[in-house]
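Try each task yourself before you read the solution.

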Amino acid sequence: MSRENQFDVIIIGTGAGGGTLAHHLAPSGKRILILERGDYVAREKDNWNSKVVNVDAKYNTKELWRDADGKELHPHTNYYVGGNTKFYGAALFRLRRNDFGEIRHHGGISPAWPISYDELEPYYAQAENLYQVHGNRGEDPTEPPAGKAYPWPAVSHEARIQHLADDFRAAGLNPFHTPLGVMLDEKNPRLSPCIRCNTCDGFPCLVHAKSDAQVLCVDPALQYPNVTLLTSALVKRLETDSAGREVRGVIVERNGVPETYSGSIVVVSCGAINSAALLLRSANDRHPNGLANSSDVVGRHYMGHTNSVLMAISKCPNPTIFQKTLSVNDFYFGSKDFEYPMGHISFVGKLDAITLRTGAPAIAPGFTLELMAKHSLDFWLTSEDLPDPNNRVAINRDGEIVLTYAPNNLKAHDQLKEHLQRAMKQNTCSIHGHECHQGLFARNLYVGQRIPLAGVAHQNGTIRFGRDPKTSALDINCKAHDLDNLYVVDGSFFPSSAAVNPGLTIMANALRVGDHLLQRLRVPIAEYAANGSKSTVAQLAGG
Ligand SMILES: Cc1cc2nc3c(=O)[nH]c(=O)nc-3n(C[C@H](O)[C@H](O)[C@H](O)COP(=O)(O)OP(=O)(O)OC[C@H]3O[C@@H](n4cnc5c(N)ncnc54)[C@H](O)[C@@H]3O)c2cc1C
Ligand code: SF4
């Protein structure tokens, strides 16, 4: 292999895990190759077109997977520089401190993590800084302890959401400002990169003001001459030495042509489903069940949360533009009448009639879809799903991904819906009183894309980390137990899914693993720090 194709570190995937790690390692001076199967998202007016994004699904992959019955599955996922962070809603939560311990749920046990919240805390703080999280500490009763304030003030509520926050508070709840990664400067709107628009959650940001992994991590990393990015570079297989202890070859198909690269360290970060698929496809004589899979856990314990979109229709209109500012965690760990954890309540971006048509909800009496969209508060409910070894990613004979998933812990989600329903009934308005609230209507998010599973946006758990090589594939540094130079830093490593969005935990963990790699590569701290100050991130962050 030519010297040109040999690197110190190869990172596969540029999302929340891979992009963040690339940024962290860039000042090390080590030769780093980033391989990304997608290209950059084109900057075009379609970025903010609801029909193009939500109905035509222009930016979703056209790849086909299969469900357990062999039926076609159109995954709601995106292959671009920045990964799914290009499209995410940028609600950037820390897991709760108790989420790191074992928790008894109505549907079973959520297992403990092999590291504690306190070990991840400094990296959460770094990740919040890097991704410019806007929030207010002290409002959320389940919030874990934090050493620092959020780097930016919370994004304010618009009038209708403020009204709801006041109503919830009057009903004894503790609504709080959702921590958000949008580069909004409300004090200085003329210069604010973010314009607070209605096409954020699920859309790429046309003005590059969303805190995504491309804008804040990959592009700044590429300012370093030691970092190379290859786009449209699909990694097909990893090959090992004859002893099976080291990854020696990374086999890539780039523009239809096969290429081979090698790295002293190889980091897989393709997203929880594709990373498991890559390891399974890389089976060889030494690793007959797939790479790093002597435990037989690779691909198993797939989790993706139980998520619902519930529209609360009121007689009063909801003219909110940017709706994702409010969350409620009062039922996260249980309530007086249901002692098990239920989950997290927040918002999706404001739904419009075009988007509603793709997953038509039951129509509220006397309303059209247009009217419903104008009058709805569009809640996003997330409950923890538990790691079941039979919920898994596998590869069929044709090399296609097969995703098997039976939902679990559903009683918790039903209870969460019921608790929200009760809280909404206590809402009043000065014109209609309690009659203002017409009820909750479920919207099936995925009817338009014909996805029979719950969707894969929050995918995690398929290559779990742990201390015991018999029950986990990765050690606590996210290095494969079975190999000396293979790491995984995307959402695969989660032993349990908790019930808040996974993005910030993936970012924080990538920074933690990044520190381990800097030590392993013996990067002198002084040199690293001096190089780091050249980073453009400080300017981008307005720091
Ligand atoms: C619409 C939407 C809204 C969301 N909202 C939120 C939110 O508000 N808050 C939150 O925390 N999370 C949210 N998420 C989830 C969040 O985006 C993911 O948890 C996060 O991006 C996962 O990071 P990752 O590194 O595991 O994978 P990804 O971000 O998916 O990155 C994986 C990368 O690997 C590349 N890749 C895959 N296979 C290969 C291969 N074989 N070779 C080369 N490259 C490959 C992919 O193209 C991709 O770039 C949302 C997701 C979606 C889709
Ligand atoms: S301008 Fe702001 S609200 Fe609009 S997509 Fe970009 S980050 Fe989101």
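Predicted model: local features only at pLDDT ≥ 70, side-chain atom pairs only at ≥ 80, totals over all residues.

**Exercise 1. Cysteines**

- Step 1: the search of the whole structure turns up 0 disulfides.
- Step 2: a disulfide needs two cysteine sulfur atoms within 2.5 Å.
- Step 3: for Cys 478, the closest cysteine sulfur belongs to Cys 270 and sits 15 Å away, so it is too far for a bond.
- Step 4: check the burial of Cys 478; its relative accessibility is 0%, which means that it counts as buried.

**Exercise 2. Salt bridges**

Task: Out of 23 salt bridges in the structure, take Lys 58 with Glu 44, Arg 94 with Glu 121, and Asp 140 with Arg 96. Which parts of the chain does each pair link, and are the partners buried or partly exposed?

Solution. A reminder first: side chains of opposite charge can pair when their charged atoms come close.
- Step 1: Lys 58 and Glu 44 meet with N and O 3.0 Å apart. This pair links distant parts of the chain, 14 residues apart: Lys 58 is in the loop between helix H2 (50-55) and strand E3 (65-67), while Glu 44 is in the loop between strand E2 (32-35) and H2. Lys 58 is partly exposed at 34% relative accessible area, and Glu 44 is partly exposed at 25%.
- Step 2: in the pair of Arg 94 and Glu 121, the closest N and O atoms are 2.9 Å apart. Arg 94 lies in the loop between strand E4 (72-73) and strand E5 (103-105), and Glu 121 in helix H3 (residues 117-130), so the pair ties together parts 27 residues apart in sequence. Both Arg 94 and Glu 121 are buried.
- Step 3: Asp 140 and Arg 96 come in at 2.6 Å, N to O. Asp 140 is in the loop between H3 and helix H4 (159-170) and Arg 96 in the loop between E4 and E5, so this pair ties together parts 44 residues apart in sequence. Asp 140 and Arg 96 are both buried.

**Exercise 3. An open sheet**

Task: Find the strand order of the open sheet of 4 strands; which strands stand at the edges?

Solution. 
- Step 1: the order reads E4-E3-E17-E16, and the pairing is mixed.
- Step 2: E4 and strand E16 (392-395) each have a single partner strand, so they stand at the edges, with one side of each left without a neighbour in the sheet.
- Step 3: look inside the sheet, where E3 and strand E17 (residues 401-404) run parallel and are joined by 2 bridges. Asp 67 stands opposite Leu 403 in E17.

**Exercise 4. Two histidines with positive phi**

Task: Look up phi for His 301 and His 305; where in the chain are these residues?

Solution. Most residues other than glycine have a negative phi.
- Step 1: phi is near 60 degrees for His 301 and near 70 degrees for His 305.
- Step 2: His 301 is found in the loop between helix H6 (272-281) and strand E12 (306-314), and His 305 is also in the loop between H6 and E12.
- Step 3: His 301 counts as buried at 8% relative accessibility, and His 305 counts as buried at 2%.

**Exercise 5. Around strand E2**

Task: Which way do the side chains of E2 point, and which strands does E2 pair with?

Solution. 
- Step 1: Ile 32 and Ile 34 point one way, Leu 33 and Leu 35 the other, and all are buried.
- Step 2: strand E1 (residues 6-12) runs parallel to E2, joined by 4 bridges, with Val 9 opposite Ile 32.
- Step 3: the chain gets from E1 to E2 through helix H1 (residues 16-25), in a right-handed β-α-β crossover.
- Step 4: E2 is also joined by 4 bridges to strand E8 (residues 227-230), again parallel, and here Ile 32 stands opposite Val 227.

Key. Residues numbered from 1 in each chain as written. Chains lettered and ligands numbered in written order. Heavy atoms only, no water. Buried < 20%, exposed > 50% of the residue type's maximum accessible area, 1.4 Å probe, protein only. Salt bridge = Lys/Arg side-chain N within 4 Å of Asp/Glu carboxyl O. Pairing = 2+ DSSP bridges. Right-handed = clockwise from strand over helix to strand, strands pointing away.
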